[in-house]
Amino acid sequence: MFQNVFSVNPVGMLNYFLSWFQPSMLDSEWLSDPHRSLLIVAIAEGYKFAAVYMVIFYSALISISEEVIEAARMDGASGWKLYRYIKLPMIKGIIFTSIILVLNGSLKSFDIPYLLTYGGPGTSSELVATYMYKQAFSSMYYGYGSAIAVFIAVECFLWSDSLCKSSK
């Protein structure tokens with residue numbers, strides 16, 4: 001889907017839409033520009049899981065007791081203060097869990113960067129997982145690829161462990 005959105009030939013949906021405002025945008029290279037490719041990959045990767053985290057945060061916010069919100073409003077909290085001082089501290093555990101899930105998922109992300117850009121142009125959008133794949137299976141350096149895979153697993157564990165300790 002994202003290859004069709006950011007495509008140049010045939011003209012992708014984004015280029016077509018932007019050409020209404022500026023005709024020179026019709027030929028914009030999104031995926032093959034080294035300065036934009038990582039941003040595009042990040043947007044596509046974020047889009048992939050955005051709905052899951054929206055549901056997680058929505059369910060956390062509606063699980064806050066109405067009595068707590070009513071008491072905060074009686075004390076004068078409203079708008080942003082209600083979120084900053086009441087709601088966000090009450091869902092701190094959900095926030096830390098989501099951060100752990102995002103970090104874990106970002107270290108394992110492979111499919112979207114590989115399918116959109118193959119880690120290129122050059123290495124501008126290459127992530128650890130795509131680098132591991134290229135080393136192990138394209139370059140036939142299986143030991144080096146395995147070492148990178150162990151690094152990914154250890155890093156996921158260390159990030160998760162440190163975030164859990166900091167949330168207590």
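Reader: Neighbours within four places in sequence aside, which residues is F6 in contact with?
Author: This is a predicted model: local features need pLDDT of at least 70, side-chain atom pairs count only at pLDDT 80 or more, and totals for chains, interfaces and linings use all residues. Residues are numbered from 1 along each chain as its sequence is written, and side-chain values use heavy atoms, leaving out hydrogens and water. Contact means heavy atoms within 4.5 Å. With neighbours within four places in sequence set aside, the partners of F6 are L14, W30, L31 and I40.

Reader: Which elements give two or more residues to the largest nonpolar core?
Author: That core has 10 residues: F2, V5, F6, M25, W30, L31, I40, A44, I112 and L116. A nonpolar core is a set of buried Ala, Val, Leu, Ile, Met, Phe, Trp, Tyr and Cys residues joined through side-chain atoms within 4.5 Å; buried means under 20% relative accessible area with a 1.4 Å probe, protein chains only. Two or more of the core residues come from each of α1, α3 (37-62) and α7 (111-117).

Reader: How many residues are in the other core, which lies apart from this one?
Author: Among its members are A60, I69, A72 and I91. Its total is 7 residues.

Reader: Is S98 buried or exposed?
Author: S98 sits in helix α6, residues 92-108. Neighbours within four places in sequence aside, S98 is in contact with Y53, I56 and F57. Its relative accessible area is 4%, so S98 is buried.

Reader: And what is the relative accessible area of S7?
Author: S7 lies in the loop between α1 (2-5) and α2 (13-19). Beyond four places in sequence, S7 is in contact with G12 and N15. S7 is buried, because its relative accessible area is 14%.

Reader: How many helices does the chain have, and how many strands?
Author: Helices (H or I, at least four residues) and strands (E, at least two) are DSSP runs, numbered from the N terminus. Along the sequence the pattern reads α-α-α-α-α-α-α-α-α. The counts are 9 helices and 0 strands.

Reader: What is the radius of gyration of the chain?
Author: The C-alpha trace spans about 60 × 50 × 20 Å along its principal axes. For 168 residues the globule rule gives 15 Å. The chain is more spread out than a compact globule, because its radius of gyration, well over that value, is 21 Å.

Reader: What share of the 168 residues is buried?
Author: The accessible surface of the chain is about 11100 Å², by the Shrake-Rupley method with a 1.4 Å probe. Carbon and sulfur atoms hold 67% of that surface. The buried share of the 168 residues is 29%.

Methods: The radius of gyration is taken over C-alpha atoms; the globule rule is 2.2 Å times the number of residues to the power 0.38. Buried means under 20% relative accessible area, exposed over 50%, partly exposed in between (1.4 Å probe, protein chains only).
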